[in-house]
Amino acid sequence: MKDEASAPLAGSAAPAESILETIDRLCAVVPNYPTPGVTFRDLTPVFADGPALRGMVDALLAEFEGSFDYVAGVEARGFLLAAAAAYASGHGVITVRKPGKLPRPTYSETYSMEYGTNSLEVHIGDIPHGSRVLVLDDVLATGGTLGATARLIERAGSSVAGIGVVLELDGLGGRENLAGYNVHSLRTY
């Protein structure tokens, strides 16, 4: 396994800057959003920077090199990472969507959140049976969304090759709720 997260980012504003330093520099910190007391870490400025996006994707892929056949992205920012990772690795991309967004028959998985429940869906037949699927998303918080995604992949008869995220929010139980899966995060707050 390469340590891509601490390697210098080619083409970045500061030649010796690692992807972790780039994430810290570009990530917008929004206090009291979406509710008072919550600090939201907005990765959209990191996605908007070409070398930073490439560095994030390269660092996530390095952890799982050679271990997956497809990349699954969780709506919505996970789509950005998954599409870029699928392109960079030469693999197909699977979209994991919110309810009512997919036109053909789906597998559906409901999960608990801090303030209620939600569901995710994937088309039946989009994940070939026996495939190894790398799941990518922007943030790991409680693990509800990523756990539901993993269960969808397994219901489709495939295995979760790993779960990669850019940010992991410590103290919310996400990693514990994904016990048994290979979880890799680039940055923990």
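**R104 and its salt-bridge partner in this predicted model.** R104 is partly exposed, with a relative accessible area of 42%. D126 is also partly exposed, at a relative accessible area of 28%. The two side chains meet in a salt bridge, with N to O at 3.1 Å. R104 sits in the loop between β4 (92-96) and β5 (106-113), and D126 in the loop between β6 (116-123) and β7, so the contact ties together parts 22 residues apart in sequence. This bridge joins two loops. The structure holds nine salt bridges.

**E109, R151 and R155 form a salt-bridge network.** R151 and E109 form a salt bridge, their closest N and O atoms lying 2.9 Å apart. R151 belongs to helix α5 (residues 144-155) and E109 to strand β5, so this pair ties together parts that are 42 residues apart in sequence. E109 also bridges to R155, where the closest N and O atoms are 3.6 Å apart. Here too a residue of strand β5 meets one of helix α5, so parts 46 residues apart in sequence are tied together. Which of these residues is buried, and what is its relative accessible area? E109 is buried, at 14%. R151 counts as partly exposed, with 34% relative accessibility. R155 is partly exposed as well, at 42%.

**Five strands make an open parallel sheet.** The strand order is β4-β3-β7-β8-β9. β4 and β9 (183-188) are the edge strands, each pairing on one side only. From one strand to the next, the twist averages 20 degrees. Strands of a sheet pair through backbone hydrogen bonds, in either a parallel or an antiparallel sense.

**β3 pairs with β4 and with β7.** Strand β3 covers residues 70-74. Five bridges link β3 to β4 in the parallel sense. In this pairing, G73 stands opposite T95 of β4. With β7, strand β3 makes four bridges, again parallel. Y70 faces V133 of β7 as its opposite residue.

**β7 is a mostly covered strand.** How many of its nine residues are buried? Seven are. Eight bridges join β7 to β8, and the two strands run parallel. L134 stands opposite G162 in β8. β7, α5 and β8 together make a right-handed β-α-β unit. Helix α5 of this unit is the helix that carries R151.

**The largest nonpolar core has 27 residues.** Those with the most contacts inside the core are I23, L43, V46, M56, L81, V166 and L186. Which elements give two or more residues to this core? They are α1 (19-26), α2 (44-48), α3 (50-64), α4 (77-89), β7 (132-140) and β8 (159-168). The largest share comes from α3, with seven residues. In soluble globular proteins, nonpolar side chains tend to be buried together.

**V46 in the largest core, and a second core elsewhere.** V46 is one of the residues with the most contacts inside the largest core. Leaving aside neighbours within four places in sequence, V46 is in contact with I23, L26, C27, A52, L53 and M56. I23 and M56 are themselves among the residues with the most contacts in that core.

Definitions and conventions: Residues are numbered from 1 along each chain as its sequence is written. This is a predicted model: local features need pLDDT of at least 70, side-chain atom pairs count only at pLDDT 80 or more; totals for chains, interfaces and linings use all residues. Side-chain values use heavy atoms; hydrogens and water are left out. A nonpolar core is a set of buried Ala, Val, Leu, Ile, Met, Phe, Trp, Tyr and Cys residues joined through side-chain atoms within 4.5 Å. Buried means under 20% relative accessible area, exposed over 50%, partly exposed in between (1.4 Å probe, protein chains only). Contact means heavy atoms within 4.5 Å. A salt bridge is a side-chain nitrogen of Lys or Arg within 4 Å of a carboxyl oxygen of Asp or Glu. Two strands pair if DSSP finds at least two bridges between them. Axes are lines fitted to C-alpha atoms, for helices over the stretch in contact, and angles run from 0 to 180 degrees between N-to-C directions. A crossover is right-handed if, with the strands pointing away from the viewer, the path from the first strand over the helix to the second runs clockwise.
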